[in-house]
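Thanks for coming. I'll take a few minutes on one model, with the sequence and the structure on the screen.

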Amino acid sequence: MSPSVNGENGHLDRAATCAVVSTDNGFVASLRASTPFTSGDFRLGTEIRVPYPDIIDSDLEQLRSLGPDIVILDLEADLGIGLKFAEFLGDAGIGRVLLGSAPQQPPDVLIDLMHAGIADFIPKPLDPDELSKALRNAQRRLGKTGPHDEDRPPGDMIVFFGAKGGAGCTTLCTNTGVD
């Protein structure tokens, strides 16, 4: 059963399960002490505290058996191997949403993170607001949106196809979008 939002109070009916892969004990302790995990909206189900090259099949089986909704990867120790590991997790279907954390990175590295399947980046040192924002974004990606989204009617898609140039399709499309 996937977590869902209770419309009355905006809290999850079931805490989203998270897993963390990190060799940094301070990082894991900061995660555990942060508001999203202490409030009960998210549950830190498993921790793997070995460097990426030393992760063995039993560690992967532990992740697979947990079936985490969100996997948080600490990429500080070795960004390159962490990116490969993120790609592997995505291909293996472990973790429905992957989050990465490392000291602030330049834009080209953030693009590499996105290509590797990392949905959101949490800068180190860990800021509780940034963590909450990233986890809420992950929750939204999982289809567990906030209580206000339940009130929103489904959208409509209208497609305009111009048979030839100069038929006014762009004008029609723009004016329809304004309404």
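I'll go through the sheet, then the helices on it, the cores and one proline.

First, the ground rules. This is a predicted model, so local features need pLDDT of at least 70 and side-chain atom pairs count only at pLDDT 80 or more, while totals for chains, interfaces and linings use all residues. Residues are numbered from 1 along each chain as its sequence is written, and side-chain values use heavy atoms, with hydrogens and water left out.

Now the sheet. Five strands form an open sheet with parallel pairing, in the order S2-S1-S3-S4-S5. Strands (E, at least two residues) and helices (H or I, at least four) are DSSP runs numbered from the N terminus, and two strands pair if DSSP finds at least two bridges between them. At the edges stand S2, residues 42-48, and S5, residues 118-124; each has a single partner strand, so one side of each has no neighbour in the sheet. From one strand to the next, the twist averages 25 degrees. Axes here are lines fitted to C-alpha atoms, for helices over the stretch in contact, and angles run from 0 to 180 degrees between N-to-C directions.

Take S1. Is it buried or exposed? Six of its six residues are buried, so S1 is largely enclosed by the rest of the structure. Buried means under 20% relative accessible area, with exposed over 50% and partly exposed in between, using a 1.4 Å probe and protein chains only. In a regular strand, side chains alternate between the two faces of the sheet. In S1, Ala-16, Cys-18 and Val-20 point one way, and Thr-17, Ala-19 and Val-21 the other. S1 pairs with S2 over six bridges, where Cys-18 stands opposite Leu-44. Four bridges join S1 to S3, and Val-20 has Ile-72 as its bridge partner there.

On to the helices. H3, residues 57-66, lies across S1 and S2, at about 165 degrees to S2. H4, residues 79-92, packs on the sheet and touches S1, S3, S4 and S5. Contact means heavy atoms within 4.5 Å.

Next, the cores. A nonpolar core is a set of buried Ala, Val, Leu, Ile, Met, Phe, Trp, Tyr and Cys residues joined through side-chain atoms within 4.5 Å. The largest has 21 residues, and Val-21, Leu-73, Phe-85 and Leu-89 have the most contacts inside it. H4 gives the largest share, four residues.

Last, the proline. Lys-124 and Pro-125 are joined by a cis peptide bond, with omega about 0 degrees. Pro-125 lies in the loop between S5 and H6.
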